[in-house]
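The points are grouped by topic.

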Amino acid sequence: MSLLIIGSVAFDAIETPFGKTGKIVGGAASFISLASSLLNPKNGLVAVVGEDFDMEFIAELNRRGVDTQGLQIKQGEKSFFWSGKYHLDMNSRDTLVTELNVLGDFDPIIPDDWKEPDFVMLGNLSPQVQLTTLNRLTQKPKLVVMDTMNFWMDIAMPELKEVIAKVDVLTINDEEARQLSGEYALKKAARAIHAMGPHTVIIKKGEHGALLFQHEEVFFCPALPLEEVFDPTGAGDTFAGGFVGYLASVGRTDFEAMKTAIVYGSCLASFAVEKFGTESLAAVSPEAMQARLAEFKRLIAVEA
Ligand code: AMP
């Protein structure tokens with residue numbers, strides 16, 4: 001089914017205990033689109049970049065069948081730039097730089113072909129843009145999934161809560177769930193977020209997996225224990241892209257399908273962390289994905 005994706009398409013500069021990059025392609029929607037295109041054939045991207053962006057990356061998305069009609073390229077302007085530094089545990093990081101550039105006044109124009117998508121993934125960017133995107137759709141989608149981060153909680157909490165009230169699924173990391181809800185225990189945090197609107201709340205815990213809450217129903221999916229974790233940037237976006245991409249590919253929105261979807265999301269996220277930026281995710285073959293899904297099945301199977 002059709003999946004409309006919005007979010008940042010960016011340049012990142014990353015520092016981890018293992019090394020440092022110059023400007024490389026990143027951005028929430030970049031990771032989401034790469035992940036989703038491995039699972040779902042019909043994806044459309046609405047985003048904005050400056051004239052400095054790496055057009056080869058856009059060509060790669062097109063080769064994967066991602067429709068980029070909705071990607072604006074602003075002449076004379078610079079792409080969104082984010083820089084982050086990971087702590088030794090690789091589970092937490094500091095944002096060093098956020099330069100909004102083209103994202104500062106982004107007006108998301110939805111191409112006519114994409115005004116009635118079956119599924120929507122509102123990737124990380126300003127809540128105003130997420131809201132405008134929803135308001136410009138001419139038909140209610142089967143499922144709207146949203147991801148966000150602490151940056152927007154710090155500067156735009158009222159607008160953020162306005163979008164959260166309109167989405168079906170919120171994916172968020174544990175620290176951010178606590179910040180958003182004011183609750184420490186994640187079960188209580190999920191309940192508080194349900195009360196804001198979303199019927200489904202997914203709390204990501206980095207290398208410690210992810211929790212799926214649908215009111216009294218809870219499901220947990222671990223992260224695959226890896227030999228090498230090189231750069232966790234984009235793992236959350238990849239997870240979200242795998243989650244919604246799987247649901248769009250099977251056209252389902254029920255709890256059982258969501259359980260499978262978070263296994264797909266976790267599986268793809270495990271690739272994303274193995275190299276800097278989008279490189280390892282872009283290199284995943286269908287066979288490699290199937291092999292890792294089999295590993296995942298073994299990881300979570302019990303004789304019960
Ligand atoms: P994640 O590691 O999944 O939280 O996502 C990392 C990606 O989010 C990076 O590639 C950044 O370009 C992007 N990013 C960081 N800050 C923001 C922001 N304030 N708005 C939109 N995207 C952002």
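In this predicted model, Phe230 is partly exposed, with a relative accessible area of 26%. Phe230 forms a stacked aromatic pair with Phe18, at 5.8 Å centre to centre and with 15 degrees between the planes. A search of the whole structure finds six aromatic pairs.

**The pair Phe18 and Phe230**

- Phe18 is located in the loop between β2 (10-16) and β3 (19-20), and Phe230 in the loop between β14 (217-221) and α7 (235-250), so their pairing ties together parts that are 212 residues apart in sequence.
- Phe18 is exposed, because its relative accessible area of 51% is over the 50% cut-off for that class.
- Phe230, at 26%, is partly exposed because this value falls between the 20% limit for buried residues and the 50% limit for exposed ones.

**Other aromatic pairs**

- The ring centres of Phe151 and Trp152 lie 4.7 Å apart with the planes at 90 degrees, so this pair is edge-to-face.
- Phe151 is partly exposed, with a relative accessible area of 24%, whereas Trp152 counts as buried at 7% relative accessibility.
- Phe11, Phe53 and Phe57 are linked into a cluster by ring pairs.

**Charges over rings**

- The charged end of Lys42 sits over the ring of Trp114, at 5.7 Å from the ring centre.
- Arg292 lies over the face of Phe271, with a distance of 4.0 Å to the centre of the ring.

**Helix α2**

- Helix α2 spans residues 55-63, and its buried residues are Phe57, Ile58 and Leu61.
- Viewed down the axis of α2, these buried residues fall within an arc of 100 degrees, so they line one face of the helix.
- The elements that cover the buried residues of α2 include β4 (24-26), α1 (28-37), β5 (43-50) and β6 (66-74).
- Phe57, one of the buried residues of α2, also belongs to the ring cluster with Phe11 and Phe53.

**The ends of α2**

- At the start of α2, a side-chain oxygen of Asp54 comes to within 3.0 Å of the backbone nitrogen of Glu56.
- Gly65 follows α2 and has a positive phi, near 85 degrees.

Definitions and conventions: Residues numbered from 1 in each chain as written. Predicted model: local features only at pLDDT ≥ 70, side-chain atom pairs only at ≥ 80, totals over all residues. Heavy atoms only, no water. Buried < 20%, exposed > 50% of the residue type's maximum accessible area, 1.4 Å probe, protein only. Helix = DSSP H or I, 4+ residues; strand = E, 2+ residues; numbered from the N terminus. Arc of directions from axis to C-beta. Contact = heavy atoms within 4.5 Å. Polar contact = N/O pair within 3.5 Å; in protein donor to acceptor, adjacent residues only side chain to side chain. Phe/Tyr/Trp six-rings, centres within 6.5 Å; stacked < 30°, edge-to-face > 60°. Lys NZ or Arg CZ within 6 Å of the ring centre and 35° of its normal.
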